[in-house]
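Trainee: I am new to this structure. Could we go through it together, step by step?
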Amino acid sequence: MIQRNQTTIKNSLPPVVTHLEGDDYSVYSPRSGNTYTARVEADGTTAICDCPARARCWHLGFVEQAHERRTLQSGDRVLANEARGPVWHTVLSATAKRVYTREQPAGFAWAFVLRCERATRRREAA
Ligand SMILES: [Zn+2]
């Protein structure tokens with residue numbers, strides 16, 4: 001019973017993404033215990049992973065999110081989870097721990113960021 005619960009917990013843990021250099025990341029999968037390498041393509045939106053999955057693997061969403069957060073720039077927007085609900089903020093700057101925005105210059109922890117939106121992508125869409 002305890003072992004089954006531990007397996008359930010292990011299978012529900014998200015992959016751990018670590019930045020290597022440039023657009024390369026390592027992805028540790030708690031499910032398999034394996035570490036893979038993923039690279040974000042030049043357009044900065046999609047990643048490729050060297051795990052055995054033939055279709056789009058579930059590592060990629062985590063890598064793309066980590067890349068988006070790491071390369072966030074002034075003028076991009078983040079959707080932050082606040083007490084009154086999710087609110088969009090315009091980014092001033094960001095560190096590994098906090099995001100500073102025009103609306104909240106004191107900043108908030110990354111844990112509250114639900115989504116990032118690039119200023120460049122907004123301009124393309126407009
Ligand atoms: Zn993968």
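Mentor: We shall discuss the domains, the cores, some strand pairs and one phenylalanine.
Mentor: This is a predicted model, in which local features need pLDDT of at least 70 and side-chain atom pairs count only at pLDDT 80 or more, while totals for chains, interfaces and linings use all residues. Residues are numbered from 1 along each chain as its sequence is written.

Trainee: What domains is the protein chain divided into?
Mentor: The protein chain is divided into domain 1 (2-70) and domain 2 (77-125), with bounds that come from an automatic or database domain assignment. The centres of domain 1 and domain 2, taken over C-alpha atoms, are separated by 23 Å.

Trainee: Which residues make up the largest nonpolar core?
Mentor: The largest nonpolar core has 11 residues: Val17, Tyr25, Val27, Ala38, Val40, Ala47, Cys49, Cys57, Phe62, Val63 and Ala66. A nonpolar core is a set of buried Ala, Val, Leu, Ile, Met, Phe, Trp, Tyr and Cys residues joined through C-beta atoms within 7 Å. A residue is buried if 20 or more other C-beta atoms lie within 10 Å of its own, exposed if 12 or fewer, and partly exposed in between, with C-beta atoms placed from the backbone.

Trainee: Which elements give two or more residues to this core?
Mentor: They are strand E2 (24-28), strand E3 (35-40), strand E4 (47-49) and helix H2 (59-70). H2 gives the most, with 3 residues. Helices (H or I, at least four residues) and strands (E, at least two) are DSSP runs, numbered from the N terminus.

Trainee: And what is in the second, separate core?
Mentor: That core of 8 residues includes Leu72, Ala80, Val91 and Ala94.

Trainee: Turning to strands, how do E5 and E6 pair?
Mentor: Strand E5 (residues 77-82) and strand E6 (residues 85-94) pair in the antiparallel sense over 6 bridges; pairing requires that DSSP finds at least two bridges between two strands. E5 and E6 form a hairpin with 2 residues between them, and Leu79 stands opposite Trp88 in E6.

Trainee: What about E6 and E7?
Mentor: E6 pairs with strand E7 (residues 98-101) in the antiparallel sense over 3 bridges. This hairpin of E6 and E7 has 3 residues between the strands, and Ala94 stands opposite Val99 in E7.

Trainee: Last one: why is Phe108 partly exposed?
Mentor: Phe108 is partly exposed because 17 other C-beta atoms lie within 10 Å. Phe108 is in strand E8 (residues 108-109).

Trainee: Which residues is Phe108 in contact with?
Mentor: Leaving aside neighbours within four places in sequence, Phe108 is in contact with Ala80, Arg98 and Val99, where contact requires C-beta atoms, placed from the backbone, to lie within 7 Å.

How values were computed:
Two residues are in contact if their C-beta atoms, placed from the backbone, lie within 7 Å.
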